[in-house]
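Colleague: Before I plan anything around a model like this, I would like to learn how its features are read. Could you take me through them step by step?

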Amino acid sequence: MTTLADLKLDADGYLADPNDWSPEVAELFAQELGIELTDRHWQVINYVRQEWEKNGDMPSLRRITKQSGVPTKELYKLFPKGPAGKIAKLSGLGKPKGCI
Amino acid sequence: MADEDRKLAIICSKGTLDMAYPGLVLANAGLMMGIEVEMFFTFWGMDIIHKEKQKNLKFVPLGNPSTGMPNILAVLPGMSPMATKMMHKGLEKIDMPPVDEFLEMIHDAGGRIWACRMAMDMMNLSEDDLVDEVDGVVGAMEFLEMAEDAQILFI
């Protein structure tokens, strides 16, 4: 079984290569973050993965709330205290750099 | 994510379009990274949370050397609306939400929005004049109490 220690992480603790991501990797990060992934979490993660595959970048939180079907209030409940970083981590992307 | 204990208090005292955005962007960025945020609107910053005025914030190129426009031209009628329109376009291009949506995002993300009691009295405003996202009207001392353990930004 894979653990976080088997993964190659960057200096900030994010997945070094987004191509190494799998749902299992998301579950490992979720454990680290103390989040229990529900269908609504997956809706966000899958949307972010899909956008990353299309554009090579993480969509802004504003775009996520508009396109994934999960509104701002719920997003902050699903990924409390810093949704940007948590979503990026769970989706196998690096530390988010966008301003919105 | 190491920012969970950080707190930011942002004082917005200016009501032009270009001075509205820095506070909104920083408040939202703070929330996105888990920082607790209090926003305090005072003086001309009240326009940002005023139901009617917030729809019509202006960018004024007169006396602003950064625009590159000579003042003798910037003073002409129509220059401010034109510059405002251009700024709106620029903001849209980088996916910046309009002011009303930005306040809603900040509010829904758990940021608190306060109106200055003194500015309300001075401008004869009632709470009905303000957008629904406003959490309440507070005095300067109350705000400073809330901001006791926060980093304070004055814009």
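This is a predicted model: local features need pLDDT of at least 70, side-chain atom pairs count only at pLDDT 80 or more; totals for chains, interfaces and linings use all residues.

Colleague: Which residues of H2(A) are buried, and how are they placed around the axis?

Modeller: The general point is that an α-helix has 3.6 residues a turn, so residues three or four places apart point the same way. In H2(A) the buried residues are A:His41, A:Val44, A:Ile45, A:Val48, A:Arg49 and A:Glu51. These residues lie on the same side of H2(A), because they cover an arc of only 165 degrees around the axis. On the face turned away from that buried side are the exposed residues A:Asp39, A:Glu53 and A:Lys54.

Colleague: What do the buried residues of H2(A) pack against?

Modeller: Their partners are four elements of chain A, namely helix H1 (23-33), helix H3 (61-67), helix H4 (72-78) and helix H5 (83-90). Two of these partners also meet one another: the axes of H1(A) and H5(A) come within 8 Å and cross at roughly 145 degrees. In that contact, A:Ala26, A:Phe29, A:Ala30 and A:Leu33 of H1(A) meet A:Lys86, A:Lys89 and A:Leu90 of H5(A), and by class there are 5 nonpolar, no polar and 2 charged residues.

Colleague: Why is A:Gln43 called partly exposed, and what does A:Gln43 touch beyond its sequence neighbours?

Modeller: Burial is judged by counting C-beta atoms around a residue, with 20 or more within 10 Å for buried and 12 or fewer for exposed. A:Gln43, which is found in helix H2 of chain A, has 15 other C-beta atoms within 10 Å and is therefore partly exposed. Leaving out residues up to four places away in sequence, A:Gln43 touches A:Ser68, A:Gly69 and A:Val70. A:Val70 is 27 residues from A:Gln43 in sequence, yet their C-alpha atoms are 7.9 Å apart.

Colleague: Turning to the two chains, how many residues of each are in contact, and which elements of chain B take part?

Modeller: One reads such a contact from both sides: 16 residues of chain B are in contact with 13 residues of chain A. On the chain B side, the elements that give two or more residues are helix H1 (17-32) and helix H5 (99-108), and H1(B) provides the largest share, 4 residues. That side has 9 nonpolar, 3 polar and 4 charged residues.

Colleague: Is B:Met105 buried or exposed, and what does B:Met105 touch?

Modeller: B:Met105, placed in helix H5 of chain B, is buried, because 24 other C-beta atoms lie within 10 Å. Apart from residues up to four places away in sequence, B:Met105 touches A:Arg62 and A:Thr72 in chain A, and B:Asn28 and B:Pro97 in chain B. The C-alpha atoms of B:Met105 and B:Asn28 are separated by 7.6 Å, although these residues are 77 apart along the chain.

Colleague: Finally, which residues touch the most other members of the largest nonpolar core?

Modeller: Of its 50 residues, they are B:Ile10, B:Met39, B:Phe41, B:Ile49, B:Ile106 and B:Ala115, while H1(B) gives the most to this core, with 6 residues.

Notes:
Residues are numbered from 1 along each chain as its sequence is written. Chains are lettered from A and ligands numbered from 1 in the order in which they are written. Two residues are in contact if their C-beta atoms, placed from the backbone, lie within 7 Å. Ala, Val, Leu, Ile, Met, Phe, Trp, Tyr, Cys and Pro count as nonpolar, Asp, Glu, Lys and Arg as charged, and the others, Gly among them, as polar. A nonpolar core is a set of buried Ala, Val, Leu, Ile, Met, Phe, Trp, Tyr and Cys residues joined through C-beta atoms within 7 Å. The arc is that of the directions from the helix axis to the C-beta atoms. Axes are lines fitted to C-alpha atoms, for helices over the stretch in contact, and angles run from 0 to 180 degrees between N-to-C directions.
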